[in-house]
Amino acid sequence: MENKRQKTELADIFIEHAADYLNTTKLCLVQKKAYQAITQCRSASMGGHINSCDNCGHNQQAYNSCRNRHCPKCQFIRKAKWVDKLASNLPATKYFHLVFTVPHCLNKLFYINQKLTYGALFKAAGQSLMQCAKNPKYLGAKAGAVSILHTWGQNLDYHPHIHMIVPAGGLTEDGREWIPSSPNYFLPVKVLSAVFRGILLKLLEASFKNDRLKIPAGTHFEQLKQQCYKTKWVVYSEKPFKCPENLINYLGNYTHRVAISNQRIMSHQNGKVSFNYKDYRCGGLRKVMSLEAGEFIRRFMQHVLPEGFCKIRYFGFMSLSNLKQARDDCNHIINKITYFPVLEGLNGMEVYRQLTGKDPVECPKCKTKGMKAVPLPKQKTPG
């Protein structure tokens, strides 16, 4: 399988500056693994195969992917299969997009306690959503959500936040009725923001009292807590998606995204990396940022997640244990056609064929379906 190669890729930058960066920067084990995987992805060190045509003898070399979840080249098939499966399990209704974010004063605390604070962020976002939705004053129903953790902004700065895809309504306690939300908003964001702040700070305080939370040097937890209560917290809400196709495309864009894609990297020369980004302070205007290569790599590496940390979680009636039954109940009540999975049970090659319309076994030279793979051994990298 061939992918169109960018002029400059993240791997190229990592390889060129590996000696300088790795010798001057201390990385944890999971960061080292990610760095190595990205530099070796689809290279001789990963092994691979030669696609050889039985008809005309044309040969085409292909190397294996690293499959690291932080590699921008390894998310295509995984993302497509996950989105296809999830979309088939979602109730056939409108959806809102909510974003739960934390103030910048918590960034250092979050970074040195990643596994604990990211878990608390998920928990606080889920609990605040469920708690507010259950209140008869707002919705009076059991809500559901798919949540995704991102730790970056468009300029690669550290910015932990949770994206939530939320059905525009909820189920009654007995699961027999569907209560739709307002067509323009799911819950009052000011109320949701206040509840979210209270729950998250309570969770962090409990961890601090149990000596599980490390505090940044020169900082006192009580001062940090007071600063957080003085800061305005905002839960952002977008208008509902107009059709299921929009939701499916949106899910694909967010779930398996890494800090920066190869497509956004514009150039790498004279020790600097230039990439494009959206400046949301200027209405999403597309701009270009240039960074020293070492700073660019540093910004990327701070978004490598802790080993084994799950960055996608489910809440309420959309929790994995209830999802299929809840979907059936919702669709029966709402009486709308749901999405049918098209990639379920297919292998990687079949998914590629389905999504691109290209046949991996078709010879690019003679156009017959005679391409067969001959395995290649892995080659050791120097050092």
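1. Strands β10 (residues 272-279) and β11 (residues 285-292) run antiparallel and are joined by 8 bridges. Strands here are DSSP E runs of at least two residues, and helices are H or I runs of at least four, numbered from the N terminus. Two strands count as paired if DSSP finds at least two bridges between them. K272 faces E292 in β11. The hairpin of β10 and β11 has 5 residues between the strands, and G283 there takes a positive phi near 70°.

2. A word on the basis. This is a predicted model, with local features needing pLDDT of at least 70 and side-chain atom pairs counted only at pLDDT 80 or more, while totals for chains, interfaces and linings use all residues. Residues are numbered from 1 along each chain as its sequence is written, and side-chain values use heavy atoms, leaving out hydrogens and water.

3. An open sheet of 3 strands has the order β2-β1-β13, paired antiparallel. Its edge strands are β2 (59-63) and β13 (371-376), and each pairs on one side only. The twist averages 25° from one strand to the next. Axes for such angles are lines fitted to C-alpha atoms, for helices over the stretch in contact, with angles from 0 to 180 degrees between N-to-C directions. Strand β1 (residues 48-53) is joined to β13 by 6 bridges. S52 has K372 in β13 as its bridge partner.

4. On aromatics, the count comes to 12 pairs. Rings of Phe, Tyr and Trp (its six-membered ring) pair with centres within 6.5 Å; planes under 30 degrees apart are stacked, over 60 edge-to-face, the rest tilted. The F100 and F196 rings have centres 5.1 Å apart and planes at 70°, so this pair is edge-to-face. F100 sits in strand β3 (residues 95-101) and F196 in helix α7 (residues 189-209), so the pair ties together parts 96 residues apart in sequence. F14, Y21, Y35 and F300 form one aromatic cluster.

5. Both F100 and F196 are buried (under 20% relative accessible area with a 1.4 Å probe, protein chains only; exposed is over 50%, partly exposed in between). F196 touches, among others, L121, A124, W233 and V235, leaving aside residues up to four places away in sequence. Contact means heavy atoms within 4.5 Å.

6. The largest nonpolar core has 46 residues, of which M164, F196 and L200 touch the most other members. Such a core is a set of buried Ala, Val, Leu, Ile, Met, Phe, Trp, Tyr and Cys residues joined through side-chain atoms within 4.5 Å. Helix α6 (114-134) is among the elements that each supply at least two residues. α6 gives the most, with 11 residues. A second, separate core of 33 residues includes A18, C41, C74 and V273.
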